[in-house]
Structures are given as C-alpha cells and as structure tokens.
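Here is a short briefing for a first look. Keep the sequence and the structure side by side as you read.

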Number of protein chains: 2
Amino acid sequence: MGREQRIAIDAMGGDFGPSALLPGLVLVRERTPGVCFLLYGDRERLDPIVEKDPVLKAACVVHHAPYAVGMDEKPAQALLRGRKTSSMWQALQAVKTGEAQGVVSAGNTGALMAMAKVVLGAMPSIERPALAALWPTLRGESIVLDVGATIGADASQLLDFAIMGASMARCLLRVSSPSVGFLNVGVEDMKGNEVVKEASKMLRSLALPLTAHGFVEGDGIGRGVCDVVVTEGFTGNIALKTAEGTAQQIATALKAVLSQTWFSKLGAFLARGAFLALKEKMDPKKSNGAVFLGLNGVVVKSHGGTDALGFAHAVDVALKMLEHDVMAQIAQGLAFKSSMGACDAEVLH
Amino acid sequence: MGREQRIAIDAMGGDFGPSALLPGLVLVRERTPGVCFLLYGDRERLDPIVEKDPVLKAACVVHHAPYAVGMDEKPAQALLRGRKTSSMWQALQAVKTGEAQGVVSAGNTGALMAMAKVVLGAMPSIERPALAALWPTLRGESIVLDVGATIGADASQLLDFAIMGASMARCLLRVSSPSVGFLNVGVEDMKGNEVVKEASKMLRSLALPLTAHGFVEGDGIGRGVCDVVVTEGFTGNIALKTAEGTAQQIATALKAVLSQTWFSKLGAFLARGAFLALKEKMDPKKSNGAVFLGLNGVVVKSHGGTDALGFAHAVDVALKMLEHDVMAQIAQGLAFKSSMGACDAEVLH
C-alpha cells in the first residue's frame, strides 16, 4: 500500500456505542501504523474519547453527524430519517467521494445495506449485493455468503455470489484456486431445488480460476470442505446463527458439567490452558467483520454486540480487502461471467 | 396400551445392515415388554441374528423381502425396483394392512418418503408430509420440522407443519400449549420472506391449543425458545446438519486442545465424568428418530449411521407416537384448520 489508508467509521453503530468500539482502532493502528480513521457521529460523545487517547488523537478526524440510525429501525425509515444527517450515511459518503477507501459499521445491517446501495451503488450486473462472513472451520477459515443481505436469489445471482466469494477467498484466504460449493440438502447432483442445481451447472461451465466443488451439506461448512460456501440470504443467515447458537449451547452445557463435582472442577482448572486455547480458536470476535460484496466500495459490517477486539478485527478485514484490491478482482470475475454469458447466448440462439 | 404393539422394521436399512440395528430391539423389548417386531429383509441374514438371541427370538417374526433399497438410490428408482419386493415397501405395507401399528426404517430417506406416500397415503388436506426431528436444547428438547422431507413450502403448508408439530409436542414433550415459532432471519414482524410472515399471521388467527410465538432465529433453536420450530425442508435440513457439524467441530477441536499438554491431559482425565455427562446429554443417538408427519400411519426414520442404542431410541419414538395417538391429534388439528379456513372464506367473500 503506497498511499495512506483512510477508513471511515460509523462510530454510532453497535449495541454499546462508540466507547466500546473506538479502543479497537488503537489495536488496528498498532498493527497497521499508517492507517487513519474518519469518525462519523455525535461530536460531543466522540471528542472526549479521542482526546484522552494519544493514539486515537493522532489517527482520527471526527466529523459531526447529528443522527444515529437505531439498531431496530427499518431500512426504509433509516433512509428517510438518516439521509445525509446520519453517521452511517456520512461514513459511506466518505467512500463515495474518495476521502476514505473503505467503511466499517457495527450498526443496523438492513439500514447499512440500503444506504450503501443508495450512496455507493451496486456493481454493474449485480442486482443484489451479498454479505460474506468468515466462518471458522476445522481446516482454518471459509467464506460463507450470503448470510443475510437479501432474501432469496436466482441461479444467476448465486453464480455472482460464487464469483465474488472466490475473489475474496483468493485474497483473504490466500488460495489460488479456491473450492466453491453450493449449500444444499445433499451432495448428489439430483439433490436440492432447481436454483442450486442450475447455479452449480453454470459454475462448472465457466472457466474461472476456481474449483467448482458441487454441493455442500450443512455439516460440511464446519469441516471446511470448501473455501467458499454459497447460498441465498435466508438459509445462509439461519445456518450462521444456528452454528453460533450451537456453539453457545455447548459452551453453556460444558461449563455446567465442569462445575458439578470437585474432580471436574479440578480437572477444568488443570486444563484451563486448553479451554482458553479452544476459546481463542473458536472466538467469534476473530471472525468478526462480514463484507458486503457487489457494491462500489469496501463496506464491512461488524457484529453489533462486539467489543474493541472484535471491532478491530472488522477494520482489519476492510484493510485486507483494500490491500489485495478484492473489488477489482470481483469486477474482473463478473465481467468474465458477462462476456461468457454473451458468448453462450450467441451459440444457443 | 391395551393391545399388543407390533412395529414393522425395515431391517435392511442403514449403513451397517441388520446386525447393527437388531440388537436395539432387545433394548426396546426390555423397556416395553409386550412389544413385537415384524422384521422385513433378507431371511438368510436376519434368521441367524434372531435365532441366536432369545429376546429377539421371542419378539420377532421374520418376513422375507428379496430387495433392499440402496442408500443412494433415487426415490423414483427405488419405487420402480423395490415396489412390493423391498423390505421398506413390505414394512410400510404391514402398517397399511394393520398387521403393524408403526414402521421404523434406517434406510434411504427420500425412498422412504416416496414409498410411504404411495403405500400409506397422505392425510386429507396434506400435500407434503414433513420430517420432524427432536432437537436437544438448553431447556430440554424441541421439535423442528421440516428437516428435509420436501423442498419449499407455501404459507398454508407451513401452517400445517405448525399444527402437526404442536400435536407431536403436546404428546412427546408433555406441554399442553406448546409454543410454536417460525424460523426466520429476525424476530421482528417485518423480517423474512412473505411466506413465513403469512404463515405466522395465519397461526395467530387460529384458536388452536398452542402459543403462537412469532419468529425464531437460528440461535434460538438451541436455546429452546420454542417447543416447536417450523420451517420448510431446505432450510430445516441445512440448519439441522449445520448444528450437527458445529457440535462435531467443537468436539474435535476440544479433543485436540486437551491432548496438547500433560496438564490438560490430566485435567481431562479428572474431568472425564463431566465430559461423559456432556456427551450423554448431547448424544445424537438420544435424539435419533425423526417422524414423518402428515401420513396415514406412524413412520419413523432413524439415522442411517446409527447403532443399536440409536435405533432403539427411534423405535421408542414410534411407540410414543402410538401410545399418545399423535396421529389422531394431528387429524383433529388439521380438520379444525380446514373448518376455520372455510369460515374465514365465508366471512371474507
């Protein structure tokens, strides 16, 4: 990165406000010394936090935004009330004007998606951007999309998701030919609905720098059978939250059984290093930062309930997306698909 | 149960054949002394297993079926090849003729569904039966349906699933007014696709003996926020397998970290009782036995890869369904819905 990176931060997003998120920027600045942050939000709340930390003071410029989009506001309402005046809108606008290279928000997902589409617009040929999440697996990490940007998708849109996810995987997971599979109820070709069957066939027919894996079942995600798992937003969101819920459920049950007897308490004490290692390994904060793919700009969504560590990870994701110029790779992949589609149409008709 | 219970067993289903499954019937017979089993399958394989166990010998009648449906056979192919001659078909036929009261198979799910529809038929007003699974939660158990009987469902079909799942919950979970929620990407009324919104509205409008909970997110299933979670089969199957995969992933990761140091190994040894208790609590064998709801008969699907313990649990589920006459309750609920639908139509038009 030759030039200075500037990331726009919607500082009013999230469940716990700016004081929970901004310390994360200190961590980012330690790892990426040159990076600067344009903070958007209520100056009266932001200034005191920035002023008292020399790192933040050196790295941040505060821009006053009078409105904060509520976490439960409907997207249409947020657009109406928060147009131009909200921290979310202004942070996105900074990317539009080039003042910042990317934006990170821990705010309302639906509103962020709606505003990003208005402010930045979708890439040519993309009707529906997708939200791509990093999913910890037994093999490392996979990218799963769409985890809830939009509900429903046709085969061509799933193919777009596959191409975008593969570009992200090449850059972020460092695999030259990422394996890409479609989430389905079985791995056999005959399984599933027509949309996934069609999308899988289309992906195989395109000579893209990826490995078309066919179908993946729900239990294949965590095993890491594919670098990229593609599905539409309804199922993807439910799969992601079901996995988070199951992990939480097991953690709760494990804590309960380990505190039942003196033997198990002692055992848990002796093995505490192992439990910490596991916690670290499976820590959702370390996978925080889902990326909206298909927009004209890098937009990263952090979990609303995250802390400084998690928020720092989300900002790191934005920086990685920029470092590897994932957006250009995506545009290239989509252009290739369009050109192949045109050829196919000529041959067929 | 006044009369003798007879359960038809498709003894050729499953990944490991009859020798893995039949010992489970001994366990069932210990818990439910009067029960008898009609075994369908290859007599040459079944007879030796039955002959050498006095409990099986007393409880089982072997019927020779020359064909065994393959685990990967397409449903249409299975119907063509296995009509009348397969162990699966004949076991279902035993329920149809009244020789048995219910059937259990660890065989090919799609084939079982297809054959059951042909042999037993669907209940009046049911177009698509659903597969209902017992899901271990932090509160106990919930019923989730459809986990993959059919792909896609409209609002009226989801409502049928809700009614059927509630009947099953009243009997198996022993709750008089089970809470029923629809799986969705958010809990707010505006969230999700039109189908779930419509189904949720319809459920609220019917005066059924259940509590309409609205929407449940993926992480709500494991927390046990609802007794019954309703979704269409594509998403339900993916949610179930994603949860199973996540549990497996955590177990694998936990084993790995616990064997890394001498301290953690010693800790794990001391806490082994706790780990066993957790394993017991989360044991998928104990939730084995998904029920096809909406058919004219009790049809229970066991996991193909289960062992005797798991298979016994699946047979227990069939016995419980019969003991509480869940089918009659479902028919009653569906009839009520139909009559209300007729009234509504009169009022509206």
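Is A:Lys241 buried or exposed? A:Lys241 is buried, at 16% relative accessible area. Here buried means under 20% relative accessible area, exposed over 50%, and partly exposed in between (1.4 Å probe, protein chains only).

This is a predicted model: local features need pLDDT of at least 70, side-chain atom pairs count only at pLDDT 80 or more, and totals for chains, interfaces and linings use all residues. Residues are numbered from 1 along each chain as its sequence is written, chains are lettered from A and ligands numbered from 1 in the order in which they are written, and side-chain values use heavy atoms, leaving out hydrogens and water.

**The interface of chain A and chain B**

- Chain A and chain B bury about 4400 Å² between them, with 78% of it on carbon and sulfur atoms. Buried area is the accessible area (1.4 Å probe) that two parts lose on being put together, summed over both.
- On the side of chain A, A:Phe234, A:Gln249 and A:Leu270 lose the most area to chain B, together 14% of what that side buries.
- The contact takes 51 residues from chain A and 51 residues from chain B. Contact means heavy atoms within 4.5 Å.
- Nine residue pairs are in polar contact across the interface, both residues being at pLDDT 80 or more. A polar contact is a pair of N or O atoms within 3.5 Å; within protein, one must be able to donate a hydrogen and the other to accept it, and residues adjacent in sequence count only if both atoms are side-chain atoms.
- Helix 11 of chain A gives the largest share of the side of chain A that touches chain B, 19 residues. Helices (H or I, at least four residues) and strands (E, at least two) are DSSP runs, numbered from the N terminus.

**Salt bridges**

- A salt bridge is a side-chain nitrogen of Lys or Arg within 4 Å of a carboxyl oxygen of Asp or Glu. The whole structure holds 20 of them over all chains.
- Two salt bridges cross the interface of chain A and chain B. A:Lys241 and B:Glu217 meet in a salt bridge, at 2.2 Å from N to O.
- A:Asp227 pairs with A:Arg139, the closest N and O atoms being 3.7 Å apart. This pair links distant parts of the chain, 88 residues apart. A:Asp227 is buried at 9% relative accessible area, whereas A:Arg139 is exposed at 59%.
- B:Asp219 forms a salt bridge with B:Arg223, with closest N and O atoms 3.5 Å apart. These two are four residues apart in helix 10 of chain B, so about one helical turn separates them. B:Asp219 is partly exposed at 23% relative accessibility, and B:Arg223 is partly exposed at 44%.

**Helix 11 of chain B**

- Helix 11 of chain B (residues 233-258) has 26 residues and should span 38 Å at 1.5 Å a residue; its end C-alpha atoms are 37 Å apart, which agrees. The expected span is 1.5 Å times one less than the number of residues.
- Of its 26 residues, 19 are buried, so helix 11 of chain B is largely enclosed by the rest of the structure.
- At the start of this helix, a side-chain oxygen of B:Glu232 comes within 2.9 Å of the backbone nitrogen of B:Phe234.
- B:Asn237 sits in helix 11 of chain B and is buried at 9% relative accessible area. A polar atom of the B:Asn237 side chain lies 3.1 Å from the backbone oxygen of B:Val147.

**Strand 10 of chain A**

- A:Ala290 and A:Phe292 point one way from strand 10 (residues 290-293) of chain A, A:Val291 and A:Leu293 point the other way, and all are buried.
- Strand 10 of chain A pairs with strand 5 (residues 130-136) of chain A in the antiparallel sense over three bridges. Two strands pair if DSSP finds at least two bridges between them. A:Leu131 stands opposite A:Phe292.
- Strand 10 and strand 11 of chain A form a hairpin with four residues between them, and A:Gly294 in the turn has a positive phi of about 105°. A:Val291 stands opposite A:Val300 in strand 11 of chain A.

**Helix 6 of chain A**

- Eight of the 11 residues of helix 6 (residues 87-97) of chain A are buried, so this helix is largely enclosed by the rest of the structure. Among them are A:Trp89 and A:Leu92.
- Just after helix 6 of chain A, A:Gly98 takes a positive phi of about 90°.
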